[in-house]
Amino acid sequence: MEYTRLGGSGLKVSRIALGCMSFGDRSGGEGWTLDDDAAEPIFRQALELGITFWDTANVYWNGSSEEIVGRAIRRYTRREDVVLATKVFFPMHDGPGGSGLSRRAIMEQIDASLRRLDTDYVDVYQIHRFDPDTPIEETMEALHDVVKAGKARYIGASSMWAWQFAKFQYTADLGGWTRFVSMQNQYNLMQREDERELFGLLADQGVGSIPWSPLSRGRLTRPWAERTVRGESDSLLRERYTEAADKPITDAVERVAEARGLPMAQVALAWVLRNPAVSAPIVGPTKPHHLPDAVAALDVELSDDEVSALEEPYTPRLPSGFS
C-alpha cells in the first residue's frame with residue numbers, strides 16, 4: 001500500500017479508500033448490501049492490504065453502515081489505526097435537525113454518527129452536498145465548532161460546483177474558521193467534467209480529491225453487455241452510466257485491459273490514480289477480488305497511447321451527482 005497526505009493537510013491516508021456504502025442492514029438494502037457477517041472478510045482483507053482510510057455516511061442504509069463500521073473497528077483493529085470519515089446532509093428524519101447543513105442539523109447529526117460509530121471523534125467530517133437553504137456562514141462556523149469540540153479532526157466537502165466550494169473556503173477564511181481539506185467528487189472515465197470545473201481550484205486551495213464511483217459503479221469493470229445483481233437493482237446505477245455515449249468508453253477499457261492482460265477494474269482505476277489532484281479514490285467492495293484489484297492498480301503505469309485510447313471516446317456532458 002502507498003500512503004499520502006490528504007491534500008495540503010498533515011493527515012496521512014492510504015491511497016485506496018474503503019467505501020462503506022456496501023455495508024448495511026440487508027433488510028433495507030437492494031440485494032447487494034453486506035451485513036456484519038458478510039462484511040467481515042472484506043474488513044479483514046482491507047486491513048491486510050493496508051487500506052486504513054474508511055469512508056461512510058450517516059445516510060447509508062439509515063445509519064446501519066456506520067454501525068457496522070463501528071463494530072468492525074472494535075473487532076478487527078484499533079481506532080487509532082484507522083482514518084475514519086463520515087458525512088452529513090441527506091435526510092435521517094423529518095425533524096428540524098434531521099437533514100441539511102444548519103447548526104441544528106450538524107450538531108445533532110455528528111453526535112448521532114459518533115454514537116453509531118462508537119467513537120469519540122471522526123478524522124474527516126464531510127458535508128455530503130451543498131445546502132441552498134442554509135447560510136454558508138452558519139455551516140462553516142458550526143463545522144468549526146465541531147472541530148474545536150474534538151468531535152472531528154478535519155472537515156471535507158462532496159459534489160458541488162466549484163463556485164460553491166470556493167464560497168465555503170472564502171467564508172472560512174473571513175470567519176477564521178476551519179477550512180476543508182478534502183473534496184469527495186465523482187470522477188471516472190465516464191464523468192470527467194471536474195477536470196475543467198474543479199481540479200484547478202482544488203490544487204490552488206491545497207485540497208485533496210477522494211473520488212467516489214471511480215469505476216462508474218462497476219460499469220468500467222466488465223463488458224458493457226454483462227449484467228450483475230447490483231446492476232439490476234441499484235437505482236443510482238440505472239440513472240447514471242447508461243447512455244449510448246458511455247458504451248465506447250467501457251469498450252476502450254476492455255481493449256486496453258485485454259492487451260495488458262489485466263482486469264478492467266485495474267486499468268480504469270489506474271487512470272484515476274494518475275491524476276495529481278487525486279489523493280485516494282474510494283472503492284466500495286462487495287466481492288473478494290475487488291480490493292486486491294484496487295491495490296494492484298497502484299502499480300499499473302499506463303502509457304501515453306493507452307491513456308489516449310481510454311480518453312478519446314469521452315464526450316462533454318453535464319456533471320451529475322450534485323443532488
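Predicted model: local features only at pLDDT ≥ 70, side-chain atom pairs only at ≥ 80, totals over all residues.
User: Which strand pairs with strand 7 (residues 152-158) in the parallel sense over four bridges, with Gly 156 opposite its Ser 182?

Analyst: Strand 7 is mostly covered, with five of its seven residues buried. Its Gly 156 stands opposite Ser 182. The parallel pairing over four bridges is with strand 8.

User: Which residue of strand 7 is the bridge partner of Gln 126?

Analyst: Strand 6 (residues 122-127) runs parallel to strand 7, and four bridges join the two. The chain crosses from strand 6 to strand 7 through helix 4 (residues 136-148) in a right-handed β-α-β crossover. The partner of Gln 126 in strand 7 is Gly 156.

User: How many aromatic pairs does the count give?

Analyst: Ring centres must lie within 6.5 Å for a pair to count. By this rule the number of aromatic pairs is eleven.

User: Why is the pair of Tyr 187 and Phe 199 classed as it is?

Analyst: A pair of aromatic rings is described by the distance of the centres and the angle of the planes. The centres of the Tyr 187 and Phe 199 rings are 4.9 Å apart. Plane angles over 60 degrees count as edge-to-face. The planes here stand at 85°, so the pair is edge-to-face.

User: Are Tyr 187 and Phe 199 buried or exposed?

Analyst: Tyr 187 belongs to the loop between strand 8 (180-184) and helix 6 (194-197), while Phe 199 belongs to helix 7 (residues 199-205). The pair links distant parts of the chain, twelve residues apart. Both Tyr 187 and Phe 199 are buried.

User: At what distance from the ring centre of Tyr 121 does Arg 153 lie?

Analyst: The charged end of Arg 79 sits over the ring of Tyr 121, 4.2 Å from its centre. Arg 153 also lies over the face of Tyr 121, and its distance from the ring centre is 3.8 Å.

User: Which helices are included in what covers the buried residues of helix 10?

Analyst: Helix 10 (residues 247-260) has 14 residues and reaches 20 Å from its first C-alpha to its last, close to the 20 Å expected. Its buried residues include Ile 249, Val 253 and Val 256. Their cover includes helix 11 (264-273) and helix 13 (304-311).

User: Which residue just after helix 10 takes a positive phi?

Analyst: Helix 10 covers residues 247-260. Just after helix 10, a positive phi of about 70° is found at Gly 261.

Definitions and conventions:
Residues numbered from 1 in each chain as written. Heavy atoms only, no water. Phe/Tyr/Trp six-rings, centres within 6.5 Å; stacked < 30°, edge-to-face > 60°. Buried < 20%, exposed > 50% of the residue type's maximum accessible area, 1.4 Å probe, protein only. Lys NZ or Arg CZ within 6 Å of the ring centre and 35° of its normal. Expected span 1.5 Å × (residues − 1). Contact = heavy atoms within 4.5 Å. Pairing = 2+ DSSP bridges. Right-handed = clockwise from strand over helix to strand, strands pointing away.
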